Amino acid sequence: MGRIVGGIGLSHVPSVGVAYDRGKQQDPAWKPLFDAYVPVREWLARLAPDVAIVVYNDHGADFTFDKYPTFAVGAAERYGIADEGFGTRALPEVRGDAEFSWHLCESLVYDGFDLTICQELNVEHGFLVPMNLCFDHSPRDWAVATVPLEVNVLQHPLPTASRCYQLGRAIRRAVVACERDLKVVIMGTGGMSHQLQGKRFGHIDEAFDQEFLDRIERDPAGLAAMTHQELMERAGAEAVELIMWLVMRGAMSDTVRRVHRHYYAPMATGMGLVTFEDA
Amino acid sequence: MTNKQIDPSRPIPDTTVFDGRLSQRGYRLNKLCASLTTPQNRAAFKAHEDAYMMRFALLEEEKELVRRRDFAGLIKAGLNIYLMIKLGACTGHSLYRMGAQMRGESYEAFLATRKIKDAV
């Protein structure tokens, strides 16, 4: 039987990938962020997950508006590294677990989630920054297999926060129904408060972000009732990515034990981190 | 419609909601920017910008927004912010430089509003 051993909510800001590639982990501007992940990586090493389900959004690297799925799941043994417009980062291809992906897809579709299933998928910072923060890689491989789960948070109508939360619930049922003895972590990525367009560029609301970190732990159903309008009004247009954290939270038990929590907002995005285990 | 997520009667100040209508309007611009994800296409854009824009059948007003690097105007014309970052990368405008222009201030003035301006 499969088991969800941990959930992680975290932000996927592209500049973190640049800082990582340039070895700026000890740079004063970046040290607070990278240091927060030291205990998270130790925790993950103890949990020793077989698979990480990474709930992320693409930013126009491999999904474009000619065809734009609401929810898309990778079902491949390897995922390539996308060129986002800056050249391809020197990272190894990401290992998949196609068998588990297909199990997940079958379970989710029969549970009412009509997914797009991708046998070729190149991943980018939305997926890779969380991976860099949480897992090691060698020149050839990563410390964990993955299932990329891509969510439309760009082109409205987006899936509702509530639907994302329900998707998480369905993922939990799918993992438990898996016959293999798999240890799974699930990562909900994105946000927190930020706006990247118009005169409101640079908007950050730390009070909102801290409240979100409180409520993702204790009141996820309340958060799932928020509309996109409310999220965008308070936390900025691009903060609507936070609906992806609710997929992660939905996959955990109703009551959770929080293991880590951190917040850092140096520039134009509130970068949050929270980790949970089932209570 | 039930369960409406965006309330048109309460526009969010200084914000463009990238919805289907806007995505349709900005389709050519987004398609051009999405193509800037190979070194060959970036080189072609840099070498002959106007010829490259012809390939994507941009309207004259869209070409003019690109030529002027009018980032606020491009957003209003339906270019998605994340696709615009690819145009910025190809033309030497970082996200924060584009942001400062959209705010109507210098890059240095924008950086002065940030907590830790070295975290770029």
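Modeller: Let's begin with the core: the largest nonpolar core has 122 residues. By nonpolar core I mean buried Ala, Val, Leu, Ile, Met, Phe, Trp, Tyr and Cys residues joined through C-beta atoms within 7 Å. A residue is buried if 20 or more other C-beta atoms lie within 10 Å of its own, exposed if 12 or fewer, and partly exposed in between, with C-beta atoms placed from the backbone. This is a predicted model, where local features need pLDDT of at least 70 and side-chain atom pairs count only at pLDDT 80 or more, while totals for chains, interfaces and linings use all residues. Residues are numbered from 1 along each chain as its sequence is written, and chains are lettered from A and ligands numbered from 1 in the order in which they are written.

Colleague: Which residues have the most contacts inside that core?
Modeller: Those are A:I53, A:V55, A:I186, A:M244 and B:M84. Helix 5 of chain A, residues 161–176, gives the most to this core, with eight residues. Helices here are DSSP runs (H or I, at least four residues), strands are E runs of at least two, and both are numbered from the N terminus.

Colleague: And what does A:V55 touch?
Modeller: Not counting residues up to four places away in sequence, A:V55 touches A:L149, A:V151, A:I186, A:M187, A:G188, A:T189, A:M244, A:V247 and A:M248. Touching, or being in contact, means that the C-beta atoms, placed from the backbone, lie within 7 Å.

Colleague: Switching topic: where do chains A and B meet, and how many residues are in contact?
Modeller: 35 residues of chain A are in contact with 45 residues of chain B. Helix 8 of chain A (residues 228–235) gives the most to the side of chain A that touches chain B, with four residues. That side divides into 15 nonpolar, 15 polar and five charged residues. For these classes, Ala, Val, Leu, Ile, Met, Phe, Trp, Tyr, Cys and Pro count as nonpolar, Asp, Glu, Lys and Arg as charged, and the others, Gly among them, as polar.

Colleague: Helix 8 of chain A has A:Q229 in it. What does A:Q229 touch?
Modeller: Leaving out residues up to four places away in sequence, A:Q229 touches B:Q5, B:I6, B:D7 and B:R10.

Colleague: Is A:Q229 buried or partly exposed?
Modeller: A:Q229 has 18 other C-beta atoms within 10 Å, so it is partly exposed.

Colleague: What about A:K199, where is that found?
Modeller: A:K199 is in the loop between strand 9 (183–189) and helix 6 (206–218) of chain A. A:K199 counts as partly exposed because it has 16 C-beta neighbours inside 10 Å. Apart from neighbours within four places in sequence, A:K199 is in contact with B:D14, B:M102, B:R103 and B:G104.

Colleague: Now chain B itself: how many helices and strands?
Modeller: Chain B has nine helices and zero strands. Its C-alpha trace spans about 45 × 40 × 25 Å along its principal axes.

Colleague: How much of chain B is buried?
Modeller: Buried residues make up 36% of the 120 residues in chain B. Of the contacts in chain B with a separation of 6 or more, 57% come from residues 24 or more positions apart.

Notes. Two residues are in contact if their C-beta atoms, placed from the backbone, lie within 7 Å.
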